[in-house]
Each structure stands twice: as structure tokens, then as C-alpha cells.
Amino acid sequence: MDAIERLSITEDLRRLMARYVRYADHQRWQDLANLFTPDGTFTPHKPDGSVWLRMEGREGIAATVGASGGPGVTLVHHLFSDEIDVDSATAAHGVWAMEDIITRPEDAAVSEHIPFRGMHGFGHYHARFVKTNGSWYIAELKQTRVRLDFTN
């Protein structure tokens, strides 16, 4: 693989992750889930390293991440420096520094899975990508945290 091919794949993956955060911010859950392979996984972790949730498959991802949205909820996601490694013409992996802010209405219910009305998080997305039928998809996404600030 030459440098141009590698750079082209790198740009495709940057754009894929940019769509991911844009769809999240606009609460387009099915569009977000369709960025994953049909059996893709998304696993956010807490700052202590323990698993917060584990979502499997497009429908599971759409339903679970969609629970954090809804009327009156504002979502803001930022991606920063990326480290992308192209393994082949159809496989790659990467890490993105990230920040997210979720603001829920004052009357929003607090639960075990959503224990806040406001959240400001910092961490990293660790992604594994595959190219199928000419398009790149997220096969596995892990979100690690270095800090989570909650308000109730």
C-alpha cells in the first residue's frame, strides 16, 4: 500500500468519526448506529476502568445511546488528536481524544445507567474499523475516560 492509499483511508476514517459525533449531537441514533457493522460493539468505560455499558449490534446501539437523548437534552461531542493505523486495505484501528457534554432537563429522571442531569466527560475513543462492500464501518468502539464530572 502506498502513502496516498494510506492517507486516503486515514481521511475516510476521520470523516467516519466526525459523522459519529455529528449524529450523536443531533440525536440521529439510527444514522449513528448504521456507522457500525451489523454486529458492531460500543463499550463505554468509567474513569476507574470498569465497563459502564456494553452495546451490541446496530439496534442495541441505537436504543441504548438514544436513551441519553430526548426532548430538552443537549449533546455536545468533540474529537481531538487522532492516531490512526491502517492495517490493510480493509482493516484499521485508531484512538481519538474526546470530550462530551450532556445537559438534561431539570426534571429528567436519574437512573443507574444515566446517574446525572449534567455530565462533562473527557477521555478517548478506541476504534477498530473494517471496510465492507466499499465502505468503512466501526466494528468495535471502546470509550475510556480520564474524568467524568456530574451535576444533579
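**Exercise 1. Work out the spacing of E11 and R14 in helix α1.**

Solution. Start with position. E11 and R14 sit three residues apart in helix α1, so about one helical turn separates them. Helices here are DSSP runs of H or I with at least four residues, strands are E runs of at least two, and both are numbered from the N terminus. An α-helix has 3.6 residues a turn, so residues three or four places apart point the same way.

Next, the contact. The two side chains, E11 and R14, meet in a salt bridge at 3.9 Å, N to O. The rule asks for a side-chain nitrogen of Lys or Arg within 4 Å of a carboxyl oxygen of Asp or Glu.

E11 is partly exposed at 37% relative accessible area. R14 is partly exposed, also with 37%. The classes are buried (under 20% relative accessible area), exposed (over 50%) and partly exposed in between, with a 1.4 Å probe and protein chains only.

A note on the source: this is a predicted model, where local features need pLDDT of at least 70, side-chain atom pairs count only at pLDDT 80 or more, and totals for chains, interfaces and linings use all residues. Residues are numbered from 1 along each chain as its sequence is written, and side-chain values use heavy atoms, with hydrogens and water left out.

**Exercise 2. Describe the salt bridges of D31 and D149, then find the network that joins E11, R14 and a further residue.**

Solution. Take D31 with R28: their closest N and O atoms are 2.8 Å apart. D31 is partly exposed at 30%. R28 is partly exposed at 34%.

Now D149 with R147: this salt bridge spans 2.9 Å, N to O. D149 has 30% relative accessibility and counts as partly exposed. R147 is partly exposed at 47%.

Last, the network. Salt bridges with shared partners join E11, R14 and D82. The total count of salt bridges is seven.

**Exercise 3. Give the strand order of the open sheet and say which strands stand at its edges.**

Solution. Write the order. The six strands run β2-β1-β6-β5-β4-β3, with mixed pairing. Two strands pair if DSSP finds at least two bridges between them.

Find the edges. β2 (55-56) and β3 each have a single partner strand, so one side of each lacks a neighbour in the sheet.

β1 and β2 pair antiparallel over two bridges. F42 stands opposite M55 in β2. β1 and β6 pair parallel over five bridges. β5 and β6 pair antiparallel over 15 bridges. G118 has T151 of β6 as its bridge partner.

**Exercise 4. Place T41 in the fold: which strand holds it, is it buried or exposed, and what does it touch?**

Solution. T41 belongs to strand β1. Its bridge partner in β6 is E140. T41 counts as buried, at 10% relative accessibility. Leaving out residues up to four places away in sequence, T41 touches F36, R54, M55, E56, I61, A139, E140 and L141. Contact means heavy atoms within 4.5 Å.

**Exercise 5. Characterise the largest pocket by volume, lining and residue class.**

Solution. Volume first: about 380 Å³. A pocket is an open set of points on a 1 Å grid over the protein atoms alone, where a 1.4 Å probe fits, with protein on both sides within 12 Å along at least five of seven lines; lining residues have an atom within 4 Å of a point. Volume is the space filled by probe spheres set on the points.

Then the lining. It has 24 residues, and F42, P44, V65, S68 and I102 lie nearest the centre. Elements giving two or more residues include α1 (3-25), α3 (57-66) and β4 (91-103).

Finally, class. The lining has 17 nonpolar, five polar and two charged residues. Ala, Val, Leu, Ile, Met, Phe, Trp, Tyr, Cys and Pro count as nonpolar, Asp, Glu, Lys and Arg as charged, and the others, Gly among them, as polar.
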